[in-house]
Amino acid sequence: MITKAKGILRHAANGLQVRLVQLLPRHIPIAFKLALVMTLLLVLGMASLGLFISNNQNQLIRTQLHDFGNTMASQLAKLASEPILSEDSLNLRMLTTNLGQDEKILGAAIYTLDGELLSASGLQPAPTDMPFDAAGVVSRPWFRHMADGSPERLISFTAPATYQDVRVGSAVVTLSASQMDQAASKAHDAIVYATLAMTVLASLLAYWLSRRLSLPIHHLMEATQAIGRGDLATRIEQQRNDELGYLFEGFNNMAAGLLKKSQVEQVFSRYVSKNVADKVLANLDEVRLVDRPIEATVLFADITGFTAMSEKLQPSQVSALLNEYFSYISRACAMYGGVVDKFIGDCAMLVFGVLDDDSDHAFNAVSCAVLIQQLAAQLNRQRRADGRPEIHFRIGINCGAMLAGNLGSDERMEYTVVGDAVNLASRLCSEAQPDQTIIRKQLFTTLEARIIAQAERTLAIRGKTAPVGLYSVQDIHHQDQPLLQANLQKLLNTQPQQRTPQVAEHV
């Protein structure tokens, strides 16, 4: 039963803690924190100062009251010593009466050595409370009730009356301690009000000062948020000669570095495939000369008769032509998950199944080839209508084992694929006719259920004992035609983006 009660209490405490956490705001401005801390410090300082001043003021009033009471009692005792001995009652009454006329003195009395009252005026304490045997001036507080029933605190000062060092009686002077208390209370209230007023002013000043101090931090926060949104051109223009100035300068240098890095990445992604660029930039510490064996498909697409055509065109026209068709090829390659390995003169080398796992890379390469040929046929209709020369591609595709990785030297490298399968794909491209896509028999056997192709001939390859059977691809089967036609329409409806191709020489 006790264990169950403890569990209930623990659960209730956890629930209360969760609710308290939920009530707290998620974001507390630093200006509010600074203002709160500065206000607390100022309040503590002002309160401590006010308490110190109040205590000193009370102590000063109390000391003044006691000094006044001691002086008046001692003076009365000195003046009354001879009249007490001579039993001069008239003189004694004059002494007490004259002293009682002072507004600060509520009562005055003269007693014999035995405590017998000789003369008195005003308020007097009970004789039993008077220390008549004390050697010096003694003060005793006592209370009386006012007409409204409220108590009034009084203090009676008793001084011995001596004649030639012989005590002959006592003199008593009564003062009001309530007046002292009221004066102390007024002084205390004045100090409290002054402290509160100074606290309010200090709080406003602390908030204003904290806002001024936190304003540069807000600028830095806004600039950081802009950087997070991708606005790398954001800069903090404030010039300061303090730590925040160094922080702003560091932020601007960081933003400039990020902008330069972004520009380098954009330029880099234009010279290599975006997927390759992303992988290289994501692993800058692991860029080294390594390769790995993979099973992939390579496609070579070459423009036939380009050399003769380029002799009739201006260099700018040749560049524009290559940029236009290479842009189409890049987009077609990306539609089927391929990567542009490189542009070699007027030839494009595409690879499928290299960067990402793609079990259908061979069919995707053939589909991309069919898309390029159909796109070229569509564009040639427009070129014939415009009186421009037609562009025809010959394509070679091969699938097999190859090595992929960053190849080259420590000073210059590129991400590419090499191997016998790559060389054979290049050879098949050179054997193709205009508007023809050539694959070998083994690839046709693998994709026979999905592509339409016919046998061409056999090709003897140097270094290989058996000749290679060649097949010419006409199209893909109807189940994959909708995607092909949709991709074709996307290419025709989208103006290709001009980009600078990486052009290498034929090896």
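Author: Helices (H or I, at least four residues) and strands (E, at least two) are taken as DSSP runs and numbered from the N terminus. With that in hand, helix 9 is followed by G387, whose phi is positive, near 75°.

Reader: What kind of model is this, and how are its residues numbered?

Author: This is a predicted model, in which local features need pLDDT of at least 70 and side-chain atom pairs count only at pLDDT 80 or more, while totals for chains, interfaces and linings use all residues. Residues are numbered from 1 along each chain as its sequence is written, and side-chain values use heavy atoms, with hydrogens and water left out.

Reader: How many helices and strands are there in the protein, and what share of the residues counts as buried?

Author: The protein has 12 helices and 13 strands. Buried means under 20% relative accessible area, exposed over 50%, and partly exposed in between (1.4 Å probe, protein chains only); by that reading, 38% of the 507 residues are buried.

Reader: How should I read the span of helix 9, and is this helix enclosed or open?

Author: The expected span of a helix is 1.5 Å times one less than its number of residues. Helix 9 (residues 361-385) has 25 residues and reaches 36 Å from its first C-alpha to its last, close to the 36 Å expected at 1.5 Å a residue. Since 18 of the 25 residues are buried, helix 9 is largely enclosed by the rest of the structure.

Reader: Which residues of helix 10 are buried, and where do they sit around the axis?

Author: Helix 10 (residues 420-431) has 12 residues and reaches 17 Å between its end C-alpha atoms, close to the expected 16 Å. Its buried residues are A421, V422, L424, A425, L428 and C429. They cover an arc of only 160° around the axis, which puts them on the same side of helix 10; the arc is that of the directions from the helix axis to the C-beta atoms.

Reader: How many salt bridges does the structure hold?

Author: Side chains of opposite charge can pair when their charged atoms come close. A salt bridge is a side-chain nitrogen of Lys or Arg within 4 Å of a carboxyl oxygen of Asp or Glu, and the structure holds nine of them. One of these joins R384 to E390, with the closest N and O atoms 2.9 Å apart; R384 is partly exposed at 46% relative accessibility, and E390 is partly exposed at 26%. Another is formed by the side chains of D386 and R388 (3.3 Å, N to O).

Reader: Which residue forms a salt bridge with R427, and how are the two placed in helix 10?

Author: The partner of R427 is E431, the closest N and O atoms being 3.3 Å apart. Because they are four residues apart in helix 10, R427 and E431 are separated by about one helical turn. Salt bridges that share partners also join D360, R450 and D480 into one network.

Reader: Where does T304 lie, and which residues does it touch?

Author: T304 lies in the loop between strand 6 (291-303) and helix 7 (306-310), and it counts as buried at 16% relative accessibility. Contact means heavy atoms within 4.5 Å; not counting residues up to four places away in sequence, T304 touches H392, F393, R394 and P434.

Reader: What is the phi of D165, and is this residue buried or exposed?

Author: D165 has a positive phi of about 65° although it is not a glycine. D165 lies in the loop between strand 4 (151-163) and strand 5 (166-176), and it is exposed, with a relative accessible area of 79%.
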